[in-house]
Amino acid sequence: MKYPYIILLALIAAGCRKKAFIEFAGNTPGIKNGVFIVKTLNDSSIFGENIKDGKFTIGRHYLKAPGYYTINVTDNDYNDNHEPFEIYLENGKYTVETEAGKLFKYPKITSPSKIQQQLSAFYTLSDSLSIGADREVKQLNAEIKAKGNGLSSVAYTQLLNRLSAAENKMITNNITAFKEFVKQYPNSGISAHLMAKLNYDDDPPSYYSIYKTLSPAAKNTDEGKEIGDKLSHLIKLVVGAKAPVIYGKMPDGKAFDQKTLNKRFILVDFWRAGNDFSRQNHQKLIALLSQVNDKNKFGILSVSLDSKPDWWTSAIKDDHLTWPQVSDLRGDYSPNAVYWSITKIPTYYLLNRNWTIVERDIYIRNVDFEVSDYLKKHP
């Protein structure tokens, strides 16, 4: 019988497999009292150490599995609320160095890991190009949240325009950083992993162009295949493109026909009865519709991604929705979710009467502005 020998060989191979051990040394100027922590991607802490007078060390520890983790360096005397940083851990010693007063920047990480060296190259490059715009976006979002309701319509519009400009700058910088990384590391196997962390749906044509230059190894990863599939749909959803067909029936059982809308400008609202955020936003859409004097100019179409008909129809009634409703009741498996690339609920699109995309994936706070702006330009 061969089975005992196969089992024996497997045990020998497992025993010979080299165990991974990890250790850290840190230099954090300006931090007298702080914390260094390592977590899994599921936010479980695996290593940690207090920082004293700008130094910390973590001795040799067994690493259960090489892979992606996060690290963070915090100053107990000053919290700047920065996000943790991605790191790739495998066997070896890691040296972490931060810049005084700039803990929001990706730290200098020295290690024998080739993957980590590439991560450091990308995130350092990204910081050099995007960090200013990124922080401006966060500050403007905080300002809108804190002051938005008390501002005049003119002041609010100016703030939104500043935010839009900062967001566009950040998008451009992210594309530039990723493109430069791919140029420097054309055979990198982690390019798709990095791309998955970017908002590539902000500019599908640019990212799809870069995606096609990735190495076969990157494209054939699970993340690479998923990105390729999504981008193949997203490039059909750019502003100016013909919007996809919407499948489904109305609550009365009749098949939906987009020709019956007969509006110059249409907001398409992708929602679900069990999603509180989309349900709350319906009240904002009701208020928006009431402000439009000529109902022939603007209309709303709600497309539900529900799978239970009673949930869908009850929510329509409870939310007092008077505009057209449609659903194929296939939930996440709906062709509407696939063809319109719906990855979050709610999602909003703006279309003109020719079923052409005017704006896509709009924040709810911007819907009022986008509708008003379009109606002014197309009286």
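# Exercises on a predicted model

Glu 99 has a relative accessibility of 37%, so Glu 99 counts as partly exposed. The class follows from the cut-offs: buried is under 20% relative accessible area, exposed is over 50%, and partly exposed is in between (1.4 Å probe, protein chains only).

The model is predicted, so local features need pLDDT of at least 70 and side-chain atom pairs count only at pLDDT 80 or more, while totals for chains, interfaces and linings use all residues. Residues are numbered from 1 along each chain as its sequence is written, and side-chain values use heavy atoms, with hydrogens and water left out.

## Salt bridges

**Task.** Find the partner of Lys 102 in a salt bridge, and say how exposed Lys 102 is.

**Solution.** Start with the rule: a salt bridge needs a side-chain nitrogen of Lys or Arg within 4 Å of a carboxyl oxygen of Asp or Glu. Lys 102 meets this rule with Glu 99, as their closest N and O atoms are 3.6 Å apart. Next take the accessibility: the relative accessible area of Lys 102 is 35%, so Lys 102 is partly exposed. By the rule, the count in the model comes to 10 salt bridges.

**Task.** Which residue forms a salt bridge with Asp 332, and where in the chain do the two lie?

**Solution.** The partner is Arg 272, with the closest N and O atoms 2.4 Å apart. Asp 332 sits in the loop between strand E11 (325–326) and H10, and Arg 272 in the loop between E9 and helix H8 (276–290); the pair links distant parts of the chain, 60 residues apart. Helices (H or I, at least four residues) and strands (E, at least two) are DSSP runs, numbered from the N terminus. Then compare with the cut-offs: Asp 332, at 57% relative accessibility, counts as exposed, and Arg 272, at 24%, counts as partly exposed.

**Task.** Work out which parts of the chain the salt bridge of Arg 279 and Asp 319 ties together.

**Solution.** The closest N and O atoms of Arg 279 and Asp 319 are 2.6 Å apart. Arg 279 lies in helix H8 and Asp 319 in the loop between helix H9 (309–318) and E11, so the parts tied together are 40 residues apart in sequence. Asp 319 counts as buried, at 5% relative accessibility. Elsewhere, salt bridges with shared partners join Glu 99, Lys 102 and Lys 105 into one network.

## Helix H7

**Task.** Check the span of helix H7, then list what its buried residues pack against.

**Solution.** The expected span is 1.5 Å times one less than the number of residues. H7 (residues 222–234) has 13 residues and reaches 18 Å from its first C-alpha to its last, close to the 18 Å expected. Its buried residues are Gly 224, Ile 227, Gly 228, Leu 231, His 233 and Leu 234. These pack against helix H4 (191–196), helix H5 (204–211), helix H6 (216–219) and H10. Packing here rests on contact, that is, heavy atoms within 4.5 Å.

## Gly 248

**Task.** Is Gly 248 buried, partly exposed or exposed, and which residues does Gly 248 touch?

**Solution.** Gly 248 is in the loop between H7 and strand E9 (265–271). Its relative accessibility is 21%, so Gly 248 counts as partly exposed. Not counting residues up to four places away in sequence, Gly 248 touches Ala 255, Phe 256, Val 326, Ser 327 and Asp 328. Asn 79 is 169 residues from Gly 248 in sequence and 50 Å from Gly 248 in space, C-alpha to C-alpha.
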